Amino acid sequence: MRHSLTRRCCQWLKPLVSQFGVYFFFALVIGLGLLLSIVVFYSGKQVNAVIQPLVNESVPILRTISELKTKVTERQVIMNQYFAYGLNQAQFKKKYADNQLALTQLLQQSHPKRHQHPRHLAIMALDDNAKLLATRLEQAMQATPVDTDEARAILVESAIDTNAFLSELDHSFVDVSQEIETASRHSLRDVSVMIKLVLAYSLAIVVIAILVAYYIHARQRAEKKLAHAARHDRLTDLLNRRVFEADIAALGDTPPYAVILIAIDRFQRVQGGLGYEAGDELLVAVTARLQPIIQQFGGVLYRFESSYFAALLDLRGEDRPPELLAKALHDTLQSGILIAGHELFLTLSMGGAIYPQDGNDAVTLIRNMDAALEQVQQQGGNALRYYDQEMNARALERLALEADLRYAIERNQLQLYFQPQAKIDALQIVGVECLIRWHHHGQLVSPIEFIPLAEESGLIIPMGEWILRTACQQAKAWQDAGTPLIVAINISVRQFQHPHFLSLVRQVLQTTAVDPAWIELEITESVVMQDADHTIELLQQLRDLGVMLSIDDFGTGYSSLSYLRRFPINKLKIDQSFVGNLVPGNQDAAIVDAIIRLGHNLGLTVIAEGVETEAHLAVLAQLHCDEIQGYYFSRPLPLAELTRFLSQPMA
Ligand code: C2E
Ligand code: MG
Ligand code: MG
């Protein structure tokens with residue numbers, strides 16, 4: 001109950017506090033203070049109005065009443081003495097006059113507004129009567145002989161008058177006392193209200209002081225949090241890029257330092273396959289492994305964006321060179337990391353630069369680390385490389401190339417070349433592999449250079465569509481001419497993983513009206529092995545469209561043989577790296593033999609790439625390879641030359 005009241009109070013206060021901050025409390029204190037001052041002022045005035053007449057009027061009256069009582073009694077005594085103890089007339093007159101004067105003065109001292117009060121009038125009447133009795137007593141005492149009886153009777157009457165006088169005075173005393181009591185009670189009530197108000201105000205100030213203290217504390221905490229958030233990465237709590245930049249700026253003249261940009265290899269693939277949450281989990285787990293090692297080397301680890309980290313190392317400690325650090329980082333990732341039920345084995349790509357020789361500001365250092373990192377990534381990752389001057393030139397070249405590549409399709413700079421594929425036994429051409437070429441500034445750029453660039457930039461999607469469509473149109477043309485050929489089309493990673501890839505293939509097959517039985521899609525071994533379960537489903541859907549499927553560069557991508565059995569494929573393409581050094585009985589021959597046997601056992605056609613010599617051909621024939629492709633037979637040719645080649649009789 002108290003809890004909910006506090007909460008309600010807080011809810012009510014929150015918007016006010018957040019809008020006006022601590023000023024709200026100050027305004028509250030001042031407002032309450034003002035209100036209290038007004039209330040206290042008016043209550044004080046009221047108390048004053050009651051107390052003042054008491055002090056000026058009622059209390060003196062009480063004193064007057066007691067003095068009156070004394071004087072009245074004294075008057076009776078004087079009269080008694082005059083009669084009983086032989087007080088002479090002169091003495092009596094003097095004493096009586098003094099007494100009467102004092103009495104009259106005392107009677108006048110009461111407040112004028114009381115003069116009309118019935119009790120005052122009664123007292124005045126009694127006093128007048130007393131004066132009369134005194135005169136009569138004097139006459140009775142002056143008579144000769146003294147009229148003793150009369151005097152005694154007068155004294156009795158006077159005693160009655162005095163008693164009545166005293167009684168009236170007692171009543172007056174009670175009246176005034178009651179007035180004082182009532183007024184005091186009212187004043188006490190007002191004063192107690194004032195005390196309560198002051199107490200309430202003090203309490204309010206204490207509560208407000210507590211609230212202000214809480215508010216200031218909360219604000220300080222929020223400010224601390226903000227300051228922390230401005231310097232740290234939210235996910236890993238590592239220092240962020242801004243701090244890295246500030247730290248570089250603060251290095252000053254104490255070189256040398258090494259800065260290393262660290263990227264988790266194939267991170268996008270993990271994130272794509274397992275989702276963003278798993279990606280975040282992975283980053284946290286990797287941070288936990290990297291940070292202690294960087295600290296051991298006396299360095300600082302920062303988190304940049306995505307899967308990028310940076311390390312700053314003081315190179316003056318010669319016992320801890322960055323190369324050793326790279327090895328330690330590599331080693332720490334040797335044991336797998338369990339994320340979302342998957343054990344992941346990670347490697348790192350690292351690009352290093354030296355402060356200040358490779359740059360003395362953060363921007364230059366980051367650019368140069370990045371250039372070095374890119375080199376590592378292009379060469380398959382899992383290594384550390386240091387920046388050298390040529391890297392930036394190469395990076396700039398790549399940027400320029402990428403910019404030009406964007407216009408390659410609309411400027412008609414792309415061309416398909418075709419490399420014949422032949423049956424090994426009859427050397428009969430059964431198909432062609434489509435290989436893309438780019439006419440750029442009068443030169444023919446190799447796909448090895450621009451396909452990875454197109455992959456990175458996403459240009460592979462429109463480019464892949466152009467290749468697929470052009471290749472299918474050509475296949476259709478050969479079909480229409482009555483000389484159908486198998487047309488093998490290379491499919492890149494990103495193209496294959498694109499969510500609309502299946503529908504694109506379906507749509508191209510429909511619009512070109514090609515017979516899909518003559519279309520073969522080449523997918524590299526490493527691509528099919530990623531997320532194999534999903535791949536199997538997609539491969540099956542592609543097969544359902546009627547096309548054939550082959551696994552390109554087979555032998556380089558660590559295929560899981562159990563998966564291979566489940567892939568709905570038609571052909572294995574032995575990678576040319578096994579064919580180039582093929583000599584009967586050597587290790588490559590053993591590998592090629594194994595691949596051919598495996599393919600045949602799985603009911604697949606096996607084709608060897610990169611067949612350049614007769615010797616290659618002989619070994620492959622001996623190992624019962626089904627088909628060959630290579631310079632021995634023909635280089636990739638533009639359409640016109642291929643047409644000419646096809647029309648020539650076979651050797
Ligand atoms: P790939 O699919 O394995 O293609 C075979 C590569 O080997 C081609 O290189 C071809 O010219 C080359 N080659 C053929 N016979 C021989 C030989 O006897 N000796 C030697 N040394 N090489 C031979 P190319 O045309 O430079 O293509 C390289 C790679 O670029 C291809 O490897 C493929 O992965 C990719 N690529 C080519 N065209 C396309 C395309 O249209 N789309 C996609 N996504 N990738 C393509
Ligand atoms: Mg290929
Ligand atoms: Mg290949």
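**Exercise 1.** Find which residues surround ligand 1 and which are the closest.

*Solution.* Start with the shell: 23 residues surround ligand 1, each having a heavy atom within 4 Å of it. The closest are N490, D552, Q576, E612 and Y631. Next, sort the shell by type: nine residues are nonpolar, seven polar and seven charged. (Ala, Val, Leu, Ile, Met, Phe, Trp, Tyr, Cys and Pro count as nonpolar, Asp, Glu, Lys and Arg as charged, and the others, Gly among them, as polar.)

Before going on, keep in mind that this is a predicted model, where local features need pLDDT of at least 70 and side-chain atom pairs count only at pLDDT 80 or more, while totals for chains, interfaces and linings use all residues. Residues are numbered from 1 along each chain, chains are lettered from A and ligands numbered from 1 in the order written, and side-chain values use heavy atoms, without hydrogens and water.

**Exercise 2.** List polar contacts (N or O pairs within 3.5 Å) from side chains to oxygen atoms of ligand 1, including that of N490.

*Solution.* Take N490, with a polar side-chain atom 2.8 Å from a ligand oxygen.

**Exercise 3.** Identify the protein donors of the magnesium ion, ligand 2.

*Solution.* Look for N, O and S atoms within 2.8 Å of the metal (3.2 Å for Na, K and Ca); water is not among the atoms, so sites may look incomplete. The donors are E433 (OE), N490 (OD1), E522 (OE) and D552 (OD), at 2.0 to 2.2 Å. Along the chain, their spacing reads E-x56-N-x31-E-x29-D. Finally, D552 bridges ligand 2 and a magnesium ion, ligand 3, and these two ions lie 4.1 Å apart.

Note on methods. A polar contact is a pair of N or O atoms within 3.5 Å; within protein, one must be able to donate a hydrogen and the other to accept it, and residues adjacent in sequence count only if both atoms are side-chain atoms.
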